[in-house]
Amino acid sequence: MSSVLELKGVSTFYGAVQALRDVSIEVNEGEIVTLIGANGAGKSTLMMTIFGQPKAKNGEIIYRGEVITALPAFQIARRGIAQSPEGRRIFPRMSVEENLLMGAQVVKYADYDKQLAMVLELFPRLRERFAQRGGTLSGGEQQMLAIARALMSKPKLLLLDEPSLGLAPLVIKQIFGAIRQLNRETGLTVLLVEQNANQALRLAHRGYVLVNGAITMQGTGAELLSRPEIRAAYLEGGH
């Protein structure tokens with residue numbers, strides 16, 4: 001399996017506060033890899049560090065053999081990495097169609113229709129809401145739109161940050177089903193940050209556990225699900 005993304009000994013700071021401590025993870029071609037951990041563990045910081053905001057103070061971030069640690073975010077996006085950020089961050093005053101157009105800024109015009117057809121098939125609700133303003137959508141629809149917008153750039157690597165946050169169980173099932181379908185049918189590589197450890201580990205091929213900015217455990221999704229300390233901390237009412 002060839003490596004798509006590798007973090008080697010990455011440390012990130014906000015001022016004097018260290019948010020990531022010597023983090024090393026690897027995501028291989030065609031994998032879904034999940035990063036689980038409690039609130040404040042550093043999961044979203046890791047995602048933002050991959051995109052260079054904030055920059056890693058120590059260590060290397062390697063994407064398809066190229067060190068991208070010091071690159072600006074727009075150059076990272078052009079290399080085929082897309083992010084669906086925590087909190088959705090869609091453009092509320094723009095229509096669904098306009099949001100999707102914003103996501104397609106880095107693709108060739110010839111690919112636009114194909115990508116649009118793919119995301120509307122994946123999330124049929126967006127077709128129904130195509131002319132509606134993003135801010136008037138339900139929380140679940142906004143999350144679908146955020147993921148669809150990221151997919152419009154035809155990414156080789158999709159970073160998903162807390163896609164289930166604040167959503168009803170049925171909507172969570174739909175969104176995780178769409179991620180699984182994408183991975184199986186297109187081979188899309190996914191790095192998933194998620195507080196819903198049960199759903200994430202069932203979906204992922206492999207997982208890492210982040211505690212206070214450091215990786216404390218790794219394994220296949222099934223291995224981590226079976227670990228008693230994971231069950232106690234994240235699956236049986238733990239946080």
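Student: Which residues of helix 7 do G140, Q143, M144, I147 and L151 in helix 6 meet?

Tutor: In this predicted model, residues count from 1 along each chain as written, and local features need pLDDT of at least 70. Side-chain atom pairs need pLDDT 80 or more, while totals for chains, interfaces and linings use all residues; side-chain values rest on heavy atoms, without hydrogens and water. For contact (heavy atoms within 4.5 Å), the helix 7 partners are V171, Q174, I175 and L182.

Student: How many residues of that contact are nonpolar, polar and charged?

Tutor: Gly counts as polar here, and charged covers Asp, Glu, Lys and Arg. The contact of helix 6 with helix 7 divides into 6 nonpolar, 3 polar and no charged.

Student: Are helix 6 and helix 7 roughly parallel or roughly antiparallel?

Tutor: The axes of helix 6 and helix 7 (residues 169-186) lie 10 Å apart, at about 15 degrees, and the crossing is right-handed. Angles under 35 degrees count as roughly parallel and over 145 as roughly antiparallel. Helix 6 and helix 7 are therefore roughly parallel.

Student: Which element gives the largest share of the lining of the largest pocket?

Tutor: A pocket is an open set of 1 Å grid points that fit a 1.4 Å probe, with protein on both sides within 12 Å along at least five of seven lines; lining residues have an atom within 4 Å of a point. The lining has 24 residues, with F51, A77, A82, Q83 and P85 nearest the centre. Elements giving two or more include helix 3 (96-103) and helix 6 (139-151). The largest share, 4 residues, comes from strand 6.

Key: Axes fitted to C-alpha atoms, helices over the stretch in contact; angles between N-to-C directions. Parallel < 35°, antiparallel > 145°, perpendicular 65-115°, else oblique. Left-handed = near helix turned anticlockwise from the far one by under 90°.
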